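Work through the exercises below with the sequence and the model open. Each task is followed by a solution in steps.

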Amino acid sequence: MVKKRAFGKLKGREVMVLGIIAAMIILFSFLSPTFRTYPTLVSVLDNSYYITLMALGVTFPLITGGVDLSIGTGLVSYALIGGYLIVHQGVPVGVGILACIGMGVLIGVFNGVLVAVMDLPPFLATLCTCMITRGLGPALCGGFGVSWPSALSESGAFRKIFKFTTANGTVVPIGIIFIVVLVLIMSFVLNHTRVGRYTIAIGSNKEATRLAGVNVKFYHMLAYIISGLFAGLAGVAYAATYATIYPGSGAGFELDAIGGAIVGGVSASGGVGSIIGAFLGVIVICLMKVGLPFIGLQANWQQIFTGLVLIAAVLIDVVKKKK
Amino acid sequence: MEKIKQNALVQKVGFNRIVLIFVLLLMYLMFGLLTGGAFFGFSRIANALNYAYFLGFLSLGVTFVIATGGIDFSIGPVMFCCALVSGYSLTMYGVPMVISLVMSVLIGVLFGTFNGYLVAYWNVPPFIVSMASMNIAKGIAAVFTKTQSVSWPQSSTEDGWYRNFVSVNGFPIGLIVFLLVAVVCAVVLNQTKWGRYILCLGSNEEAVRLSGVNVKRWKMLAYIICGTLVGIASIYFVAAYTTVQPGYGDQYNNEAIAGCVMGGTSMVGGLASISGTVIGVFIISLLQQGILALGFTKEYQYIITGLIVIAAVYADVSARRRKN
Amino acid sequence: MGEVILTMKDIDKSFPGVHALDHVDLEVRKGEVLALMGENGAGKSTLMKVLTGIYKKDSGTITYEGKEVEFKNTREAQDAGIVIVHQELNMLGHLTVAQNLFIGREFKKGIRIDDKKMNEEAKKLFDRLNVNIDPKETMSNLTVGKQQMCEIAKAVSFDAKVIIFDEPSAALTESEIEEMFKIIRDLKKKDIAMVYISHRMDEIKVITDRVTVMRDGTYVGTLITEECTKEDIINMMVGRVIYEDPKTESAVPKDAPVVLKVEHLNAGKMVQDVSFELRKGEILGFSGLMGAGRTETARALFGADPKEGGDIYVNGTKVTINTPQDAVDCGLGYLSEDRKRYGIVVQKTVAQNTSMAFMKNFMKGIFIDKKKEKDVAREYVDALATKTPSVEQLVVNLSGGNQQKVVVAKWLARNSDILIFDEPTRGIDVGAKNEIYKLMNKLVAEGKSIIMISSEMTEILRMSDRIVVMCEGKKTGELDIAEATQESIMNLATREIA
């Protein structure tokens, strides 16, 4: 039932992004025979997990008309803290994962208070949190890189949620199942629960929502908490996908997620957006990331393209609004 | 309190700025005492300042943008892009030093124009433009340098004269240049048509438009001024550090905005003070030096700077709320 | 006629400098539609705001269903069954119709919002009201009329016993109004009491049972609609006030040159084919009721909003005005009704605001000639008798009348010859009003020409040499001051359905 609703009615924008994805795959495959291989698919997916998770979360602040810039440096710092607890303090992996997610929620609450209660401009408040989280991980963990337990060790089982290697060595990217389930859940939350409804209402007309008797502060804050929660989850995904987490990295990760969400039709001025769209948008970004080297362009071209695509996506909205 | 505020001298300098200067002195004293005197001394300060001028230029630049009620947090990565592209041209393609320096500034101007055009003429939200520019700047820098870090010439080499912009035998040329540029900025902001329109449109864009002023042009100009100063900042960055690595630069956004907000420039636009920004930048760099001198790592700098900006912005927001 | 459900007695309310409601009475009965009429500023909206708890009354009693009540906010009034349908819509454009109707009180099935049930309930509600709106449609896709229906449906869904319509028809088309009337008649049958605020005389005759008229914050009287004529109501609305030296004839010589000629100006629904001429030294009054399209005409003329067509001639030469810049270059100056938003930069000084429109004139090389700026500002402060401690005072600290003078100074400093005063005395106290009037007379005596938009009949009759009357975006007439009376203006300003 839920699935049918979520996939039954794709909006125009989502169909358009699907078309872009198809076009990109065809283009890359055409230009580079090596692109059409199973490892490439796995690589695209591997790269997409943490970005998708961030995008699922940040869609909520974006729909309220705000933004959360702290998720990129945040996820790295949460993963550092979780990893530090596991590797250096000997806590069980499960606790480390919970710590990672918990830190995300905590920072989400912090952002929520800044924006919803103290009424600070979201981009500035979360830019500050971005700095704070950047320092937080290394400050708490001594400034060294951390490697979560490897997939080979017993405690590295959590990595198998994302990538399962069968006995004969075939890699199965089962993380996609996990991601799809979360996409469906969050799509449900956005479209069929009060949380989602009021998130959209706040982005649409905050004052009218308040006059309707909705606890606007609470739901506004909740959007940032969801964003933080998913940054925490993204931290786990990042730790599971990559061998080592380096302190000081993570700046700019948020752009892939926010860019993906906006490409997928989430409006930069609030009120509009879908989780499915954000997910598809992220796939576009990840395809660029993985695909461009196949056609002879450095991976960094992706950054330039992401920037341009972001502006193009917003310009579509601006021009539409003018009409 | 009111009496102090009405004193002629205090009125002329501005109460807030006097408070800021006190904060600055107090912090200096505090760090000095906490580090057992090691923090005092002119050479130490001058040395520390060498690494702070670029931040000052960034702050001055972003002051203009914030004065219009916008924001630009692409300045850090754009500065790196300037330094990397021109530095790579210098070291790998043998472009003459002078031209490299001019290139640095021009790239900054280019980015400023790009940002300003999108914000002013296309109504793209400034934070989206900032994000996009940041990505594009990082991407261009990385692609151009093939993800290699760039080392600008050392002082001893023939082309090393550019480092004199910062200091010559311990004499702080950089300080003089920075203060001179600050004075020029203050004059532009307070004594010319450009600054007048930038401040007024930050305060009430519609009223200025209805006075028959081409607000779009002046808004774009603020971003171009910012871009120019970012270009100059890049020169001061390499003159101090010589080595630039692609993919970084984000952290300076916040520090620059921090200096600006500390100095009393309002985040909603319309109110900006160059002298405030100058003092603000000194406070931020002193703070950072102090944190390091006390034996903390730069991570703590990030955290504390972040918290300070939040506090400063909150003070601004609640002051505005009280007024209404 | 039904029993009385709501009585407001002796309601008194003052704002600083304004006695907004002076012991006003109002009585509403079950199953009737009571028209509440009066000129702009007569106190109708204030009275309704007092009723629904937006304003606190100074004295008087409100009796509702036999008990004395005092609501603290709209929500409390709503819960008690008194709902107001606002002129501006409080809608969430991105949500669907049903989602809007039930915002804040969604039906739920577990944690899931039961959109299906909400759609069904909305459908039922619409069926009951005989309106054809798809509950699943996105709100922003509806016409303004349909959005208004949704607001009414929402009010009904609260089990309202008293519904207040605040100029509900302002943005509606003919057929939409018909549809709304059908709903209102249905509601009447269900014994719901309604207060209908409107300026449209014909509507009043069609839909209401009684008419209560207010003037200048006082209660004038109540008439049975069937038994009275349009003239009766107009007479009650305008009263018989004696005006301070009203103009009896135009002071402008017949052969004065035309400085501004506007032909067939079109800009959206609110400006349809407006043409007029302005002569040198003339004050051309623009009269009409709220929403008649006067401000829109001025803004389109000034280039502040885009226009679809029309020719403008300044001193006989055809000009193109697409932006305020063009207008200013042609010698036009616009003084908005909302000074704080459109007129002045409040956080800047008197001097800085004075020079704003003509920086070119205050430059010494690349620098601003601050001495000249202050001197000129001081000149105008003296000439206009602006009360300010110095020209370096921030405008935010001045009173409304003095802020207005700063805006005037801005245009005078720009040498603008044609000034558009949009509600020049709104929010200005009586003493300052007279000063503004004197100033305007002085300006025309000096050869400037003025277009004055005003909703105050006394102001129009006192100041204008000629009067253009607008209604619903169209010019409905032009009167010379010699022949203009309140009644003749009001007749042109209220709409007649053919």
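**Exercise 1. Contacts and overall form of chain B**

Task: For contacts in chain B between residues at least 6 apart in sequence, find what percentage join residues at least 24 apart. Then describe the secondary structure and the dimensions of chain B.

Solution. 
Step 1. This is a predicted model. Of the contacts in chain B that link residues at least 6 apart in sequence, 77% are between residues at least 24 apart.
Step 2. Chain B contains 14 helices and two strands. Its radius of gyration is 20 Å, close to the 20 Å given by the globule rule for 324 residues, so chain B is as compact as a globular protein of that length.
Step 3. The C-alpha trace of chain B spans about 60 × 55 × 30 Å along its principal axes.
Step 4. A residue is called buried if 20 or more other C-beta atoms lie within 10 Å of its own. By this cut-off, 56% of the 324 residues in chain B are buried.

**Exercise 2. Strand β23 of chain C**

Task: Decide whether strand β23 (residues 466–471) of chain C is enclosed or open, and identify the strands that pair with β23(C).

Solution. 
Step 1. Six of the six residues of β23(C) are buried, so the strand is largely enclosed by the rest of the structure.
Step 2. R466(C), V468(C) and M470(C) point one way from the strand, while I467(C), V469(C) and C471(C) point the other way; all are buried.
Step 3. One partner is strand β15 (residues 283–287) of chain C, which pairs with β23(C) in the parallel sense over four bridges. Here G285(C) lies opposite I467(C).
Step 4. Strand β24 (residues 474–480) of chain C pairs with β23(C) in the antiparallel sense over six bridges. In this pairing R466(C) stands opposite D480(C).
Step 5. β23(C) and β24(C) make a hairpin with two residues between them. E472(C), in the turn, has a positive phi of about 50 degrees.

Terms used:
Residues numbered from 1 in each chain as written. Chains lettered and ligands numbered in written order. Predicted model: local features only at pLDDT ≥ 70, side-chain atom pairs only at ≥ 80, totals over all residues. Rg over C-alpha atoms; globule rule 2.2 N^0.38 Å. Buried ≥ 20, exposed ≤ 12 C-beta atoms within 10 Å, placed from the backbone. Contact = placed C-beta atoms within 7 Å. Pairing = 2+ DSSP bridges.
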